[in-house]
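Here are some notes for a colleague who is opening this structure for the first time. Please read them with the model in view.

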Amino acid sequence: MKNKPVTIKDVARLAERSIATVSQILNGHGDKFSATTVAKVEAARDELNYEPDYFAQRMINKTSKTIGVLVPDIRNPFFGELIRGIENVLYQHNFITMLCNADLDEDKERVYLDELSRRGVDGFIIASSAVSNDAINDILRQKGHPFIVLDQKRAEGFSDSVLTDDYDGGRQAAQHLKDLGHQQVTVLIPAKPSANVQKRLSGFYSVYPRETVHVIATPLSKAGGRQVVPEIFTTPATAIFAVNDEIAFGVYLGMAEHGKGIPEDYSVIGYDDVEMCQYVAPQLTTIAQPIFELGQTTANQLLERIANPRQPWEEHHLPVKLIVRNSNVLYFL
């Protein structure tokens, strides 16, 4: 036979105080009562091993202490590090992260937004570019849900956002390859790039004339980088700019399968600076995004929005930097 769960009535009875008083104290409002009353209530709670009911607390406090985080592909280590940064902040403020991985499926993303809204999360972090502005408007804005978008999706003035300088990242990548003497380069980028990834290409074009840049469309994945290696061979390029590190890792395998070496045959530069960049051989030169800091900044900004829902929208910008390792070499004609 199961033991009957301890209720707030039991705590009130043992503490010889009203249920309302006990509820106030156990919900963080002990400053309204004498030290003696608070001590009696807390002693009764501890003696009975009372644990408050989550749903009852939620009805009282009008908060779930939960943040919904929507990412497009958890397999990409960028998002793992991003979530670490988000959780680092939310944990300190006693919030729980509810992660939804959409697998690059736009329909699935909308279902997740609906479900998170139905479950009453306190705010949303959207790290996927595929979520349409219509979905955000229908599900989040009209219902008054606090939310923030990351650099995967431009806020366009309708929400808080945290962005990194993708244009400058593309420019730095191009300048590095230019300084090494590469005259013809290949850029590996999705056929329909998100706004932030498109800016990387624009920054690249600020250094290289378009006729010297051979753009090849491929998914943002290791498989995508691997599968386009034969197409790279059809261009006169001697260097490759992969718009994320995952593509670059795929290029490594594809080159090895075709008997080509990095950097002996091709210089390669990635984007993001995920941890694996230091563990491949040769170590990957890349444009480092402050991924952990990006997550922290996003979480802090969302908590600020929850606390002050009427404040003006804010847009935060974080810098990127070139990390030179061993996947590039001087090129001489």
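1. Threonine 297 is buried, its relative accessible area being 17%, where buried means under 20% relative accessible area, exposed over 50% and partly exposed in between, for a 1.4 Å probe and protein chains only. This threonine 297 belongs to helix α13, which covers residues 291-307; helices (H or I, at least four residues) and strands (E, at least two) are DSSP runs, numbered from the N terminus. Leaving aside residues up to four places away in sequence, threonine 297 touches Val162, His316 and Leu318, a contact being heavy atoms within 4.5 Å. Of these, His316 is 19 residues from threonine 297 along the chain, and the two C-alpha atoms are separated by 8.2 Å.

2. A word on the basis of these notes: this is a predicted model, in which local features need pLDDT of at least 70 and side-chain atom pairs count only at pLDDT 80 or more, while totals for chains, interfaces and linings use all residues. Residues are numbered from 1 along each chain as its sequence is written, and side-chain values use heavy atoms, with hydrogens and water left out.

3. Helix α13 also meets helix α5 (residues 77-92), the two axes coming within 7 Å and crossing at roughly 40°; axes are lines fitted to C-alpha atoms, for helices over the stretch in contact, and angles run from 0 to 180 degrees between N-to-C directions. That angle makes α5 oblique to α13, since angles under 35 degrees count as roughly parallel, over 145 as roughly antiparallel, 65 to 115 as roughly perpendicular and the rest as oblique. Among the residues making the contact are Phe78, Leu82 and Ile86 of α5 and Phe292, Leu294 and Leu303 of α13. By class, the contact of α5 with α13 has 10 nonpolar, 5 polar and 2 charged residues, where Ala, Val, Leu, Ile, Met, Phe, Trp, Tyr, Cys and Pro count as nonpolar, Asp, Glu, Lys and Arg as charged, and the others, Gly among them, as polar.

4. Helix α2 (residues 19-26) and helix α3 (residues 35-48) pack with their axes 10 Å apart at an angle of about 85°, and are therefore roughly perpendicular to each other. Thr21, Val22, Ile25 and Leu26 of α2 make this contact with Thr37, Val38, Val41 and Arg45 of α3, and these residues divide into 5 nonpolar, 2 polar and 1 charged.

5. Helix α12 (residues 245-257) has 13 residues and reaches 19 Å from its first C-alpha to its last, close to the 18 Å expected at 1.5 Å a residue, the expected span being 1.5 Å times one less than the number of residues. Because 10 of its 13 residues are buried, α12 is largely enclosed by the rest of the structure; Phe249, Tyr252 and Met255 are among the buried ones. Just after α12, glycine 259 takes a positive phi of about 70°.

6. Two cis peptide bonds deserve a look. Isoleucine 262 and proline 263 are joined by a cis bond with omega of about 10°, and proline 263 lies in the loop between α12 and β9. The bond from alanine 281 to proline 282 is cis as well, with omega near -5°, and proline 282 is found in the loop between β9 and β10.

7. Aspartate 272, although not a glycine, has a positive phi of about 130°; aspartate 272 is in strand β9 and is buried, with a relative accessible area of 4%.
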